[in-house]
Amino acid sequence: MEQELNKETVRESVINCLKNIYDPEIPVNVYDLGLIYGIDLDDDFNLKITMTMTAPNCPETENMLAEVKQMTAYVTGVKSVEVELTFTPEWSYANLSEEAKLELGFL
């Protein structure tokens, strides 16, 4: 029997997907790196991700945005994906998850 899709399970699947997308310069996924500022799913399962980069002049910005959009579009239940880039607030090391801090040697 197929599990009924609801916003919370789809959101969790999106997070799991984001945890498989890595910053090419830092060996941490974009979610634990704290680059994801918002994951909004409307009632029709249209997904909007608000994210940042570690620096405004990051040479990988376009590639990272495209990868996040492409990979999350494969999540079951997601109808469409929009990825919005923001630099407000600026990214900082405080954005790192505990796992990322441990992996990078900050703990």
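Helix 2 lies across strand 2 and strand 3 and runs at about 155° to strand 3. Helices (H or I, at least four residues) and strands (E, at least two) are DSSP runs numbered from the N terminus; angles run from 0 to 180 degrees between N-to-C directions, with axes fitted to C-alpha atoms, for helices over the stretch in contact. The model is predicted, so that local features need pLDDT of at least 70 and side-chain atom pairs count only at pLDDT 80 or more, whereas totals for chains, interfaces and linings use all residues. Residues are numbered from 1 along each chain as its sequence is written, and side-chain values use heavy atoms, without hydrogens and water.

Three strands form an open sheet of mixed pairing in the order 1-2-3, where pairing requires at least two DSSP bridges between two strands. Strand 1 and strand 3 (80-85) are at the edges with a single partner strand each, so one side of each has no neighbour in the sheet. Antiparallel pairing joins strand 1 to strand 2 over five bridges; Asp40 has Lys48 in strand 2 as its bridge partner. Helix 1 packs on the sheet, touching strand 1 and strand 2, and its direction makes about 145° with that of strand 1.

Note on methods: Contact = heavy atoms within 4.5 Å.
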